[in-house]
Amino acid sequence: MVAKNLEEVRAHITEACIAAGRDKEEVTLVAVSKTKPVEMLQEAYQAGQRIFGENKVQEIMDKYEVMPKDVQWHMIGHLQRNKVKYIVDKVAMIHSVDSLRLAQAIQQEAEKKKVVVPVLIEVNVAKEESKFGFSVEEVFPALEEMSTYPNLHVQGLMTIAPFVENGEDNREIFRKLKKLSVDIEKKNINNITMSVLSMGMSGDYQVAVQEGATMVRVGTGIFGERNYAIR
Ligand SMILES: *Cc1c(COP(=O)(O)O)cnc(C)c1O
């Protein structure tokens, strides 16, 4: 089931790339495996998937222990500062840098562990009350500060678009994030690159790819609905 779903999602990404005149190699699929049992991750691994997204520190630590070492773990959920130390040397990327204080904590822990951590800045483009992330206006000053952190490498932006029935409804949000990343790139800020645009989930990743996503985060479309009640 997982292998078949993965194949389908990859095919949809390819289609969206063709429609947008993009090369499919430009888009990386993050398989969002939060709440899912290791057996399902292994199925995805067997089908060639190496990048997994999780939103809980404890879950990353547990799965890190049992999955093969060539898996790349992406932290995509809100990260508490006091938990940074547990994962800073285990994750390939943190998508969810949503405050300067968190960026500082990552810098401190990364320095202790002598690693440089690739991160994305989470932007609350849709201005949803319930969501974390910088407002569009806050991003520039935050980046100037982060550009001085040697153990933090900002590689791009991430957004979580609203939940919608029709992915088309999020097109404008994806456009805004893309535009912001282009504007930032033009400023040539030291130690800041804008090569990654993490946007698009199960309901809207094709639209996100058409609008320039270089990373899509797909959970339900690969692993099926999540049941939080039985956790
Ligand atoms: C859960 C989650 C996803 C995946 O959502 P689906 O709709 O299941 O594809 C993507 N990004 C983030 C930040 C998430 O928390």
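This is a predicted model: local features need pLDDT of at least 70, side-chain atom pairs count only at pLDDT 80 or more; totals for chains, interfaces and linings use all residues.
Local features need pLDDT of at least 70 and side-chain atom pairs count only at pLDDT 80 or more, while totals for chains, interfaces and linings use all residues. Residues are numbered from 1 along each chain as its sequence is written, and side-chain values use heavy atoms, with hydrogens and water left out.

**View 1. The buried side of helix 6 (residues 136-146)**. Take a look at Val139, Ala142, Leu143 and Met146, which are buried (under 20% relative accessible area with a 1.4 Å probe, protein chains only; exposed means over 50%). These residues cover an arc of only 105° around the axis, so they sit on the same side of helix 6; the arc is that of the directions from the helix axis to the C-beta atoms. Helices (H or I, at least four residues) and strands (E, at least two) are DSSP runs, numbered from the N terminus.

**View 2. The other face of helix 6, and its cover**. Exposed Glu137 and Pro141 are on the face turned away from the buried side. Covering the buried residues, by contact (heavy atoms within 4.5 Å), are elements including strand 4 (91-97), helix 5 (100-112) and helix 7 (171-186).

**View 3. Residues lining the largest pocket**. Of its 26 lining residues, Lys34, Ile160, Phe163, Met201 and Arg226 lie nearest the centre. A pocket is an open set of points on a 1 Å grid over the protein atoms alone, where a 1.4 Å probe fits, with protein on both sides within 12 Å along at least five of seven lines; lining residues have an atom within 4 Å of a point.
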